[in-house]
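Take a walk through this protein model with the structure open beside you.

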Amino acid sequence: MDLDLVLHNADIITMDPARPSARSLGVLHGRVVGLDGDIAGLGARHAVDLGGRTLVPGFIDAHCHTPWFGLGLLEPSVDGCSTLAQVLEVLAAAAPAAAAGDDGWLISSGFNHDRFGGQFPSLAELDAATGAVPLFLRHNSGHQALVNTAAMKLVGRYEPGSPDPVGGRIVRDPHGLPTGVVEETAQEIFQQAFQPRPLSRLQQAVEEATRIYASQGITSFTDAGIGAGWIGQSPVELAAFQRAAAAGTLKARAQLMPVLDALKPVHGHSTDGLGTGLDLGIHSGFGSDMLSLGPVKVFLDGSLLSRTAAVTEPYCNHPHGSGSHGTSGYFQEDPEQLRERIEAAYRSGWAVAAHAIGDRAIDLALDLFEELQSRYGRNALPNRIEHASVVRPDQLPRLAEAGIAVTPQSSFFAEGGDNMAASLGEERSAWAYRAASFLDAGTMVAGSSDRPVADGDVLRGMQAYVDRRAGSGRIFGNPDERLSRRRALSLYTTQAAAATGASTSKGSFTPGKLADAVVLSGSPLEASELTDLTVEATLLGGVSSYSRIKELHS
């Protein structure tokens, strides 16, 4: 029997404790068939000498926003601006083309007020730059946006006294006049004026985004919110991924989380128990190795960057008048109404991924999950808490006991760590974006980026877990939360596979698992700086999705 591929003369880190290392790996029909002696004497249609390079299991980003990231690559972005004046220049330059576009809106992304000393451009400045072209400039956090007067008048929310939606706010000054900042669910009011985005555009965005994923060693990802709400782009967003998969242009395996609002009541037989779902009663786990449905996504609170995350104690140095409801953040929906909707989804077969950043929101998520799992048992995929940013010591054992996966992001440390620490204070900063204490407690911890909110490069993410450096150079949070290199690697391989319900098929080079792999220039267990390593090639089922190695070109 000839194998499809043999990779040899490699430093293979298997992430399988039963066989931690190897020198050669064989692939047949897209799966690992054996290592070293297992494949001795077998022929191969393609054999590649890796010249001592390191081979690790494919990286898994368990929380990112692919269409949003891809659209940002296709549309004007202010991400590279270093001053507010430059932001306004980019908007002014893009306005004429936007006015002539299909929807007439200027849609941009990449704004982060922390880069400008916490300052936002005024509404007058936005109006001067954009004129009569309605503007929607998304904040990097995703939990805020900037709009101009033309946009507010178009949707009827400019005048004082215009109502705010539940779970959001159009920020106004003491005279009731809008500042141009909109928070949380208030973004939907404006998005509805230019959505849904065309499927052809979304497919292109997915293709562009996953091409970059492949270049960074990412072979699988979970897209954390499609189909509805302020995070979605179209009610038929899933079709963009399906079209890219059919065309062979989806460069990484996709697990998709529909937003809770994308589910609707379904009426089958009275004994079915499927009360809420997508058409045909589809729920978590449906799909293939290439494209599948994950948990349903629900937003409980907001963001630490915008101080809308629901915390138990007020934020430190809270800037009154910034637009937050009080000084302790807020829930995006009435908890009792959320409870009813989440229960309907859960008993219909959906695992639940709850966006919960503040410890008060995590209390709510824990109460919900413990109750649902006690009443209905556990679903096929783990329930998850997305971000799990501020976790008190008393919450740690509850997470592990309930089998709840968490997805903190080390990518926030460098750009937002100093500001988050100032908002939380010393005691709560020690609880922020835990890593070692999660693992020590036995909690599943998935490596993830939240891209494009933050940097999606996995090697930089691993390095951040190792050193936890904020932009100031100080260690963010508790120094004891730092990880060894092996533990950091596990977050993006075995741990992420478990958290996404894919332990039997991903995360390690174990015979029978998918042959998803990354060829690195050196060992992540030995490199003094992980960011010095380069991704030499990425293999998806043993086939190159990206390569700088001639012999591995597809």
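## Helices, a sheet and a buried glutamine

Start with helix 6 (residues 199-215) and helix 7 (residues 238-247), which pack at an angle of about 60° with their axes 8 Å apart. Keep in mind that this is a predicted model. Angles of 65 to 115 degrees count as roughly perpendicular, and those under 35 degrees as roughly parallel. Helix 6 and helix 7 are therefore oblique to each other. The crossing of helix 6 past helix 7 is right-handed.

Now find the residues that touch. Helix 6 brings Leu-199, Leu-202, Gln-203, Val-206 and Glu-207 to the contact. Helix 7 answers with Ala-239, Ala-240, Phe-241, Arg-243, Ala-244 and Ala-247. Sorted by class, this contact of helix 6 with helix 7 holds eight nonpolar, one polar and two charged residues.

Next, compare another helix pair. Helix 8 (residues 335-347) and helix 9 (residues 359-376) have axes that come within 11 Å and cross at roughly 35°. The crossing of helix 8 and helix 9 is right-handed. From helix 8, the contact uses Pro-335, Arg-339, Ile-342, Glu-343, Tyr-346 and Arg-347. From helix 9, the residues include Leu-364, Leu-368, Glu-371 and Tyr-376. By class, the contact of helix 8 with helix 9 has seven nonpolar, one polar and five charged residues.

Five of them form an open sheet in the order 11-12-13-15-14, and their pairing is mixed. Which strands stand at the edges? They are strand 11 (106-111) and strand 14 (168-172). Each has a single partner strand, so one side of each is left without a neighbour in the sheet. On average, neighbouring strands of this sheet are turned by 25° against each other, direction ignored.

Zoom in on one pair of strands. Strand 12 (residues 135-139) and strand 13 (residues 144-147) run antiparallel and are joined by three bridges. Look for Leu-137, which stands opposite Leu-146 in strand 13.

Is Gln-187 buried or exposed? Its relative accessibility is 0%, so Gln-187 counts as buried; the cut-off for buried is under 20%. What is Gln-187 in contact with, leaving aside its neighbours within four places in sequence? The list is Phe-136, Arg-138, Gly-142, His-143, Gln-144, Ala-145, Val-182 and Trp-230.

Definitions and conventions
Residues are numbered from 1 along each chain as its sequence is written. This is a predicted model: local features need pLDDT of at least 70, side-chain atom pairs count only at pLDDT 80 or more; totals for chains, interfaces and linings use all residues. Side-chain values use heavy atoms; hydrogens and water are left out. Axes are lines fitted to C-alpha atoms, for helices over the stretch in contact, and angles run from 0 to 180 degrees between N-to-C directions. Helices (H or I, at least four residues) and strands (E, at least two) are DSSP runs, numbered from the N terminus. Angles under 35 degrees count as roughly parallel, over 145 as roughly antiparallel, 65 to 115 as roughly perpendicular and the rest as oblique. A crossing is left-handed if the near helix is turned anticlockwise from the far one by less than a right angle, and right-handed if clockwise. Contact means heavy atoms within 4.5 Å. Ala, Val, Leu, Ile, Met, Phe, Trp, Tyr, Cys and Pro count as nonpolar, Asp, Glu, Lys and Arg as charged, and the others, Gly among them, as polar. Two strands pair if DSSP finds at least two bridges between them. Buried means under 20% relative accessible area, exposed over 50%, partly exposed in between (1.4 Å probe, protein chains only).
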